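Please look through the sequence and the model below. The paragraphs after them go through selected features in turn.

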Amino acid sequence: MAGTWPNLDAADLETRVRTYLNEVAADFYTQAEIWRWLSVAAKDIAQKTLCVRRILDVVTATSTRNVTTNAYKVLHVEYVPASGRATMLTKIDPLRLGNYPVNGTTPQYWYEFGSAIGIEPLPDAVYNLRLYVADLPKMQYTTYPLTAWNALWTLTGTGTWSHGAGSDVYTGTTGQAGIDTVTTPILVNATNYTFTITVSGASNCGLVITAGTVASPSFTTNGIHSFTAVTASTALTLTATMTGATGGLTVDDLYILKEADFAATTDQTELPCAWQHLLALYATHGGLTKDRKYGPAQMLESIYNNELAYLRQAVVEVIPDGRNSLKYT
């Protein structure tokens, strides 16, 4: 998976850094050092700009207020009912729990609390939520997306998984549940992963992604679904469970992202392409500092930070530009 501009891999980025430092072959600057600076840069960019965005599917638990997020920062929370229109929840101060008016028992407010969010009122059932989050950048799995269903997956359980080169189709009847497992483990234990999959043709059927022993919510609607989890083993399975009479679903394009540093020449971060050239600037700053060229290093650091601020304002922030931007109609 070699990088192609503007999506750069570790080899591309290292070449750029060595060009800036005027050292084509590793001598004073080792490959491990440059990759370490690139890895730190990716996290620094994401934390300062909140440019890595994703939408995660989560569910509440009965009589449990907190919902674990496995993300850097939650920006918005949406309640998705079984039918009808989804609604955005109002963010509140957790010190004021119990002092806000509620209408019924469905989720209406949320607040941040460490690596979790809290829901008000206290959930009395399992409710589906969408989290709009800013996250730390992860590395793309070698095959991105994972599509060779006919080569990598095996079926157990009941019902039928039909493995194709580009998609995987499940068909079943009432009470059946088919489990599709990757034949060779591709996950690393105790590692943060994000899985994104496309579901279509869903009929009386739900899909659950299981990373080790950690399971996603059941995806019962068509569309793109994402799930983030810290794995408990190396196994990866898809479980399709029938919720009614004859039906099934089709899954396509399983994207896997892993929280990791640059460790191979083909490693490619999910950092948006508009920000990737800044990785090389940050790493060059690290090289100049190592060489005790503090003046040029400080100048490059200033350029880097100013570029971050400019791109955040131009790409990330949504700034109202007039009265109409502030009115609801």
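How many salt bridges does the count come to? In this predicted model, the count comes to 13 salt bridges. E33 lies in helix 2 (residues 31-49) and K290 in helix 4, so the pair links distant parts of the chain, 257 residues apart.

Helix 4 also takes part in a helix packing. Two packed helices are described by the angle between their axes and the distance between the axes. For helix 1 (residues 10-21) and helix 4 (residues 273-290), the angle is about 45 degrees and the axes are 9 Å apart. Angles under 35 degrees count as roughly parallel and 65 to 115 as roughly perpendicular, and the angle here therefore makes helix 1 oblique to helix 4. The two helices cross in the right-handed sense. On the side of helix 1, the contact is made by L13, R16, V17, Y20 and L21. Helix 4 contributes Q276, L279, A280, L281, A283, T284, G287 and L288. Sorted by class, this contact has nine nonpolar, three polar and one charged residues.

The next element is a sheet. Strands of a sheet pair through backbone hydrogen bonds, either parallel or antiparallel. Here four strands form an open sheet in the order 1-8-3-4, and the pairing is antiparallel. Strand 1 (53-59) and strand 4 (87-88) stand at the edges; each has a single partner strand, so one side of each is left without a neighbour in the sheet. Strand 3 (residues 73-80) and strand 8 (residues 128-134) pair over seven bridges in the antiparallel sense. Y79 stands opposite L129 in strand 8.

Terms used. Residues numbered from 1 in each chain as written. Predicted model: local features only at pLDDT ≥ 70, side-chain atom pairs only at ≥ 80, totals over all residues. Heavy atoms only, no water. Axes fitted to C-alpha atoms, helices over the stretch in contact; angles between N-to-C directions. Parallel < 35°, antiparallel > 145°, perpendicular 65-115°, else oblique. Left-handed = near helix turned anticlockwise from the far one by under 90°. Contact = heavy atoms within 4.5 Å. Nonpolar A, V, L, I, M, F, W, Y, C, P; charged D, E, K, R; others polar. Pairing = 2+ DSSP bridges. Salt bridge = Lys/Arg side-chain N within 4 Å of Asp/Glu carboxyl O.
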